[in-house]
Structure formats: structure tokens, C-alpha cells
Amino acid sequence: MQTVVDFENVGLRYGAGAEALSGLSFKLFAGSFYFLTGTSGAGKTSLLKLLYLAHRPSRGMIKMFGEDIVTMPRDRLPGFRRRIGVVFQDFRLLNHLSAFDNIAMPLRISGIEEKDLEGPVNELLSWIGLADRASARPTTLSGGEQQRVAIARAVIGRPEILVADEPTGNVDPEMAVRLLQLFAGLNKLGTTVIVATHDIHLLREIEGAQMMRLKDGQLSDPTGSLKNPAVPLVLNN
Amino acid sequence: MGLKSTLARDDSKTFSDGRIAGPMPWVIAIMVFLTILAGAAGIAIADSASQNSEILARKMTVQILEEDPVARDNQRTRISEYLRALPQTETVRPLSDADVVELLEPWLGLNDDAAFESNDLIPLPAIIDVQMKVIADEKLRNQMLLGMQSIAPSVRIDTQESWIAPLYDLMRSFIYLIFGLVLLLAAATSATVVLAVRSALDTHRNTLDIMHLMGSTDSQISRLFQRRVAVDAFFGGAIGFILGCLTIWFISSRLNNIVSGVASQISMPWYGWIILALIPLLMGVLSILIARWTVRRAMKKIL
């Protein structure tokens, strides 16, 4: 299996404080599905920030798609970011734009023409059940609807890696399952999915998913609570 | 990265408002207006100075300080003939006594022609205006003077250069001052753009962060700002240019009423209007470059 993410002894420190992440070493493989769990403050969001290239680590080596992104010149990073879809915990939708324009943003950044993006965006809006709210601003949408728009925005560009921070936190159980099915569908198409969650029930919804557990900024062994894990999480250390 | 984004074509699909900052076009309009005025003054003065300095440098006045009017007339005629015979002279124009009276009247405040003409009150010099083909250097002037002194020992040569030089020194100083003013105005415009773009960056920080994490390049983001700054700068520039031209027209019409002196010779050459028309365009381009520099500098601070 092809390695898409390779962490080696990675640490992350904010300012002069203690390390938020410490000594992380693991590999993520193409087309796999990972859940990232841990209590609040365990470092889940910090790890995701490293994964979606919002920060560089304070120490260690990170390779993504086979390239060292720690020493990579910053002008090469946007190309890598376009290969990664992100669902933020607080959605981070642009409130002055419609649901349609929020979802279309990654395609516009990639230079897709308007005539070519209307179809995929409308299709995805239908899939998340918001076809009739395409022109609605996020502030007029419910929390669950906003979350669905945020997820649609993250997946519209068919990313090679999808990083989601508590993506089902504001939706009802039925919608949570539907969204996970969307992630699973993408995963089947080859996208590596990493979902941070503390909802233990979700872990059982995805066949073959693996779990990474963070505790005090360090990666601990898989709990083994996953349903039929196809491949155990690869820990280097 | 040379990725072409489709965002910049319609930035309403990116940012919430249509402008970088409310007052920026108006500040640029004022800057362009002032630059147009300063530039127009500089161009007109420089053109006038360059046109007149050579003409005046080739001019000289010959004075014959002879008290006896009959002898003076005779000397004027002979010196005029002598000067016309020189290959270096272009025109020789002896002034009549009436012309000399008219010339002196504003300074001496006398209008009693008879008193002048009878030579009772003030003995008049005979004056000959000479336009040379070349600028007469000291050697040529001395040669001419020697030749004329053989006809009239009291003759003397006044070059226009002697009295006009301080005036042109002053004009040159004005030109340097105006050039400095134009540079200061360009610097002030740049500072305005930097502040406006920084303010806009703060306003749109959330949008930019999201775009950045989605893979927007610095070029894509700076193009969005450049486009907005361009719209504001060219709008402000056009307003400033129109107001500046109207003001120049107004001042020109007043200046045309001044019929004598150097002021009447100050006019805008044709190429001056082209330079003035370039000012709002150059201010616009400067604003775009400054916006690009500001955005890229700010973006470099984030990963």
C-alpha cells in the first residue's frame, strides 16, 4: 500500500509552551479510513492542523505524498493543500457567501470555469439535502446544515486526503451516518480519510476503519474496539 | 505558482464588500489632483525656461550714452550699420527715442515726452536691440565692443543673461521643488495604499485564511486585492485628473490676462498634456504594485 502520510518523531509546540504533540511516529496509507480519538485537549486538532498543512512541526519529519513538507518551500505548499480536503470543527464557512459559493470555493481556487462547476456543486447540494437552500447564507442555516455545507466544500474537489474535525458533532444520528457514508464512498474511490471524533458509536459504522488514539499529545496503541479492522494501524515506534 | 484562479473575475464570490476601503479612491483623487497641478507647474516652467533661456542668451542690448542728441543719432545709425555687417548678428533693431521713452516710462513714472525728447530733463541713451545667431561669448562681445567704441566711445553692451540668470536660477529651483513634491505625493499615495490594503487584509482575514488552507497561492490572493486597488485607484485617478485639468484651464485663462513679463510666456507644451495624462495611469500602476507587495509581504508571514 502506498504511504500518503509519514510522521517521524514529530513534535509541535505553540510559542514557548509545552509540546502539544510529542514524538508522533506513524504512517497513513492511501485509500484507508482512520478515526482519530482522544479526550478534549489530547491534541487531535493540533495533529489535524499538521495534516492539513496549517502548521509546520517544531521538530521531526513529515512526508506527504512522498515529499518532505517540513523543509518544502512555502510556495509549493498550496499545491499540496489542494490535494487535502478539510472539515473544520467550527465549519469556518464564509458567511457573506451563499451555500453554493461556499461549496464552489475550492473549485474556483483550482481554476474551474463557472459552467463546469455548477453541475458538481448542485449535485452535492442535492446529496446533502440542501438543493433548495443553494442561495442561502450560512447564518440562515441550522448548525447541521452548516456542517453539511462545510463537508460538501471539503469533498467537492475530490481530495486525496480528507481531514475532518468532529464532522458529525452538530447533526442528528441519521445524518451522521449519511455523512459517514459519503466519507466511505470517497474512501472507496481512493481518498484517505481521517476523522477526529469522540463519538465511539461512529467507529463501528465504517468497515475496515482504523483508530488512532491520542493521549496528552502522544499516540497510543489502537484500542482494538474497531469493527473488523482490515489493517492494524502502523506505528513505527 | 502560476495557477490561474477563476476567483479574480468576480470577487463578489470571495469578499463581502466591493471596495478595499471607503476613502481610498478619494485620497488617490486628491493625490492625483495635487500631482497634476505640481506636474503642470513644473512642465510649464521647465518648458518656458528652456525655450526662453537660449533666445535670451542670444539677445543683447547696445546702449550709447551720448548726451548730444545729434551725435547720438549719428552714432546709433553707424553702430547699427556696423552690427548688421557682422556675420554673427541675426537682427539689429535700433530703438527710436519714442520707443526708449515708452520703455523707461513705467520705471521713471514720467510721461512728458517733450521733456525727454528735448533732452532737457534726462539725457536718453540710444538703444539697439541685437539678436545674435549664436550665443556671444566674452571674446566675441569684447571684439564687438572694440569695434563699436571706435564709432562711439561711450557705447556699452548689456547682455540679457545678466538680469535673467537669477530668474532662471529661481525657476530651476522651482522645478526641483516640484519634482520633490511629485515624489512626496507618490510616496504618500503608496502609504495610503499600504494602509488601505492592510486594513482590508485584517477585514478579510477569515476569508483569506480559509482560501489559504484550500490551496490559494499568494498570487491568487494578491490578484484579488490588486484588482480592487486598480478599480479604486483608476477611479480616483480619473476624478483627480479631471479636477486638475479644470484647475489648469482656469489658471491658464487667468495667466493669459497677464500680457507682459515672463509670466505671459509660461504655457503648457503639447507634450505636457501627455505627461499629465500619464500621471493617473502611473499612480494606478504604482498603487497596484504597492498592493501586490503589501499582500505578498503579509502572506509570507503565514505558512
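I began with strand β2(B), which five bridges join to strand β3 (residues 126–132) of chain B; the two run antiparallel. Strands here are DSSP runs of E of at least two residues, helices are runs of H or I of at least four residues, and both are numbered from the N terminus. Two strands count as paired if DSSP finds at least two bridges between them. As background, I noted that strands of a sheet pair through backbone hydrogen bonds, either parallel or antiparallel.

I noted the conventions next. The model is predicted, so I kept in mind that local features need pLDDT of at least 70 and side-chain atom pairs count only at pLDDT 80 or more, while totals for chains, interfaces and linings use all residues. Residues are numbered from 1 along each chain as its sequence is written, and chains are lettered from A and ligands numbered from 1 in the order in which they are written.

I then looked up two bridge partners in β3(B). B:Thr89 is partnered by B:Met132, and B:Pro94 by B:Ile128.

I checked burial in β2(B). A residue is buried if 20 or more other C-beta atoms, placed from the backbone, lie within 10 Å of its own. Of the six residues of β2(B), zero are buried, so the strand lies largely in the open. Across chain B, buried residues make up 35% of the 303 residues.

I listed the elements of chain B: nine helices and four strands. Along the sequence they follow the pattern α-β-α-β-α-α-β-α-β-α-α-α-α.

I turned to where the chains meet. Residues are in contact if their C-beta atoms, placed from the backbone, lie within 7 Å. The contact takes 18 residues from chain B and 25 residues from chain A. Helix α7 (residues 205–213) of chain B gives the most to chain B's side, with four residues.

Last, I looked up confidence in chain A. pLDDT is the predictor's confidence in each residue, from 0 to 100. Its mean in chain A is 85, and 93% of the residues of chain A reach 70 or more. Over residues 222–237 of chain A, pLDDT stays under 50.

Conventions:
Contact = placed C-beta atoms within 7 Å. Buried ≥ 20, exposed ≤ 12 C-beta atoms within 10 Å, placed from the backbone.
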